[in-house]
Amino acid sequence: MSRIFDEDLKFSCGTRAVHAGQRPDPTTGAIMTPIFQTSTYAQEALGRNKGYEYARGKNPTREALERNIASLEGGTHGFAFASGMGTIDSIMKLFKSGDRILCADNMYGGTPRLFDRILANLGLGFTYVDTRDPQRVADAMTPDVKAVIVETPTNPLMWITDLAAVGAIAKRHGALFIVDNTFATPVFQRPLEHGADIVFHSTTKYLNGHSDMVGGCAVVNDDDLAARLQFILNAAGAVPGPFDAWLVLRGTKTLHLRMAAHDANGRRIAGWLAQRLGDERVYYPGLASHPHHALAARQMSGFGGMISIELGSRAAAETVINRLHLFTLAESLGGVESLVCHPATMTHASVPPERRARLGISDGLVRLSVGVEDAEDLLNDIEHAFQGVA
Ligand SMILES: *Cc1c(COP(=O)(O)O)cnc(C)c1O
């Protein structure tokens with residue numbers, strides 16, 4: 001855990017991205033935070049040290065990253081973890097056997113896998129709800145519900161949840177409100193400002209932005225919650241190494257620039273796809289035809305580069321995927337390079353087929369992570385790919 005530098009709060013997003021949480025190294029003046037590649041720290045005498053004892057608990061490179069992301073999210077304390085899943089797993093250790101977690105339908109595929117196949121065995125209960133309708137959340141609040149966890153926009157269907165409305169319901173019932181902000185990033189959406197208690201990320205995606213590490217982070221703005229999470233972080237130990245922390249910190253310096261480029265490309269490509277396929281087959285919250293466009297525009301300041309399209313059949317999906325060249329077939333998202341993915345057989349293969357069908361993750365669904373290449377080149381690539389289908 002690291003607490004933000006309060007003086008960073010006078011700056012807005014882009015300046016925080018570049019500077020927040022970092023100061024030149026006091027021993028050398030190094031402008032960039034060094035990679036403190038050490039497991040332990042010399043102690044001056046019994047019970048006397050420089051604030052660092054063992055690197056599972058604290059590492060200066062990790063601290064700079066934690067302060068940087070916490071300040072971007074508008075929180076006070078940040079926590080870095082070894083992966084997005086390691087982050088969710090550590091957050092879930094706040095709860096105990098008999099507690100119930102109300103969870104959004106259509107989360108990242110690994111999240112229900114962790115919940116249903118591991119944490120349910122330890123006595124946590126999970127209820128899945130379509131959180132696009134806050135009334136359904138209110139109706140599902142039983143006395144044992146201790147947390148509500150949502151993702152917005154969702155992966156891969158780009159469903160939008162009203163953060164303020166669901167946050168108010170969670171608060172009324174004394175439940176923690178937890179938000180996966182991986183898709184929107186703090187550049188476009190800051191859930192803590194809408195009532196969230198914990199916001200978390202897979203930093204593997206946009207925060208790192210260069211597809212060269214796996215990591216996660218969480219941010220809170222409550223001192224007690226921060227102390228409990230720090231205890232879990234140190235006790236359970238799902239922490240990142242200093243080099244991976246440094247790579248994310250390098251990434252967040254350009255987060256505001258990259259997100260603007262992803263957003264500009266995303267809007268253009270979604271527009272082209274909507275003309276080609278029809279509005280109802282393109283899932284992108286920036287399109288006026290998206291069922292929750294107005295809500296998205298209210299709680300987000302941009303829509304980013306994630307677009308899903310319904311091509312009607314696995315054969316059509318396969319043809320388009322095979323004819324793309326600039327979009328590489330791969331899992332993951334949020335890097336500078338464009339990727340294409342087939343959720344039913346890739347990211348969401350662990351979701352049982354009947355649940356996939358109920359959610360609408362069909363065999364014809366294709367997800368694009370639009371990178372920051374030149375839009376004309378990406379559009380030419382997509383146009384060529386679509387020449388293969390009727
Ligand atoms: C990738 C992802 C995760 C899991 O993070 P890892 O870093 O892969 O463990 C969680 N949520 C969302 C929205 C993701 O895209």
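A polar contact is taken here as a pair of N or O atoms within 3.5 Å; within protein, one atom must be able to donate a hydrogen and the other to accept it, and residues adjacent in sequence count only if both atoms are side-chain atoms. The model is predicted, with local features requiring pLDDT of at least 70 and side-chain atom pairs pLDDT 80 or more, whereas totals for chains, interfaces and linings use all residues. Residues are numbered from 1 along each chain as its sequence is written, and side-chain values use heavy atoms, with hydrogens and water left out.

The ligand is surrounded by 14 residues (a heavy atom within 4 Å), and Gly84, Asp180, Ser202, Thr204 and Lys205 are the closest. By class, this shell comprises four nonpolar, seven polar and three charged residues; Ala, Val, Leu, Ile, Met, Phe, Trp, Tyr, Cys and Pro count as nonpolar, Asp, Glu, Lys and Arg as charged, and the others, Gly among them, as polar. In the side chain of Asp180, an N or O atom is 2.7 Å from a nitrogen atom of the ligand. A backbone N or O atom of Gly84 lies 2.9 Å from a ligand oxygen atom, and for Met85 a backbone N or O atom likewise lies 2.9 Å from an oxygen atom of the ligand. Of the 380 Å² of accessible area that the ligand has on its own, the protein covers 92% (Shrake-Rupley method, 1.4 Å probe).

Pockets and cavities were located on a 1 Å grid over the protein atoms alone. A pocket is an open set of points with protein on both sides within 12 Å along at least five of seven lines, a cavity is a set where a 1.4 Å probe fits but cannot get out, and lining residues have an atom within 4 Å of a point. The ligand sits in the second largest pocket (more than half of its atoms within 2 Å of the grid points). This pocket holds about 240 Å³ of space, and of its 19 lining residues, Gly84, Met85, Tyr108, Ser202 and Lys205 are the closest to its centre. Volumes are the space filled by probe spheres set on the points, which are joined across faces, edges and corners.

The largest pocket contains about 460 Å³. Asp25, Pro26, Phe36, Tyr52 and Pro60 lie nearest its centre.

Three cavities of 30 Å³ or more are counted, and the largest cavity has a volume of about 50 Å³. Its lining includes Asp105, Tyr128, His348 and Arg355. Domain 1 (2-252) and domain 2 (255-386) both contribute to this lining, so the cavity lies between them; the domain bounds come from an automatic or database assignment.
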